[in-house]
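Q: I would like to learn how to read a structure feature by feature, with the general idea placed beside the particular case. Could we work through one together?

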Amino acid sequence: MKSTKRTVAGMVMAGVAATALLGASSLRATDYAWGNASGGSWATAADWNPDGIPNAGTDTASLGNLGAAYTVTLGDTRTVGGLTVSGADPTLTVNGTLIQSGGSSTISGGTLDGSGTVRLQNGAAVTWSSATAPGGSLTWHLPVA
């Protein structure tokens, strides 16, 4: 006859292990690239590759050349681990709040503008190698050292 105590303990441990694995998989970084040359809303999952919406401190979002000028509008609050805006085509209009949770971002072309807020948390770095300054009336919040 098997010990009930041992069987229950084994099931509990298996449940804990499964929960830990599910939690770990949701923390994985995803690299998203904008894919709609007509532009659109940041919150439209089908416009990103892979399908989804960058909104985790481990996610990265990239807007690059798609053959024509386009604008992506962020109208709510989103968090990313990094952002790349490159080439001549993209414009990222921040009318909500873009939070960079650590990681690094590169602005090497395109345009970053809007009337929202860009909030850099501790450990976040931005490299701005474009000749153009940010447009609009963006508010930048930098971490306190």
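A: Let us begin with a single side-chain pairing, bearing in mind that this is a predicted model. The side chain of S101 makes a polar contact with the side chain of Q121, at 3.4 Å.

Q: Where in the chain is S101 found, and with which residues is S101 in contact once its neighbours within four places in sequence are left aside?

A: S101 is found in the loop between β8 and β9, and, apart from those sequence neighbours, S101 is in contact with G57, T79, V80, G81 and Q121. S101 counts as partly exposed, at 27% relative accessibility.

Q: What does G102 touch, and is G102 buried or exposed?

A: G102 has its place in the loop between β8 (97-100) and β9 (104-113), and G102 is buried because its relative accessible area is 10%, where the cut-off for buried is under 20%. Not counting residues up to four places away in sequence, G102 touches G81, Q121, N122, G123 and A124. G102 and A125 are 23 residues apart in sequence, while their C-alpha atoms are 7.2 Å apart in space. Note that G81 and Q121 are among the contacts of G102 and also among those of S101.

Q: How should I read charged side chains, and which residues meet in a salt bridge here?

A: The general idea is that side chains of opposite charge can pair when their charged atoms come close. In this model the side chains of R78 and D76 meet in a salt bridge, with 3.0 Å from N to O, and the count by this rule comes to one salt bridge. The two partners can also be described by accessibility: R78 is buried, with a relative accessible area of 12%, whereas D76 is partly exposed, with a relative accessible area of 32%.

Q: What is the nearest side chain of opposite charge to D89, and what lies by the side chain of D89?

A: D89, which is found in strand β7 (residues 82-94), is buried yet has no salt bridge, and the nearest side chain of opposite charge, R78, is 23 Å away. A polar atom of the side chain of D89 does, however, lie 3.0 Å from the backbone nitrogen of L66. Leaving aside neighbours within four places in sequence, D89 is in contact with G64, N65, L66, G67, A68, A69 and Y70.

Q: Which residues is T84 in contact with, leaving aside its neighbours within four places in sequence?

A: T84 lies in strand β7, and, with those neighbours left aside, T84 is in contact with A61, S62, L63 and T106. At 28% relative accessibility T84 counts as partly exposed. The C-alpha atoms of T84 and A33 are separated by 9.2 Å, and these two residues are 51 residues apart along the chain.

Q: Where is the place of T117, and is T117 buried or exposed?

A: T117 has its place in strand β10 (residues 117-120), and at 16% relative accessibility T117 counts as buried. Residues up to four places away in sequence not being counted, T117 touches V94, G96, T97, L98, T139 and H141.

Q: Which residues make a nonpolar surface patch?

A: V126, W140 and L142 make a nonpolar surface patch of about 270 Å². L142 has its place in the segment after β12 (139-141), and L142 is exposed, with a relative accessible area of 61%.

Terms used: Residues numbered from 1 in each chain as written. Predicted model: local features only at pLDDT ≥ 70, side-chain atom pairs only at ≥ 80, totals over all residues. Heavy atoms only, no water. Salt bridge = Lys/Arg side-chain N within 4 Å of Asp/Glu carboxyl O. Buried < 20%, exposed > 50% of the residue type's maximum accessible area, 1.4 Å probe, protein only. Patch = residues over 30% accessible without salt bridge, like charges linked within 9 Å, V, L, I, M, F, W, Y side chains within 5 Å. Areas by Shrake-Rupley, 256 points an atom, 1.4 Å probe, with all protein chains shown as cover. Helix = DSSP H or I, 4+ residues; strand = E, 2+ residues; numbered from the N terminus. Lys, Arg positive; Asp, Glu negative; His and termini not counted. Polar contact = N/O pair within 3.5 Å; in protein donor to acceptor, adjacent residues only side chain to side chain. Contact = heavy atoms within 4.5 Å.
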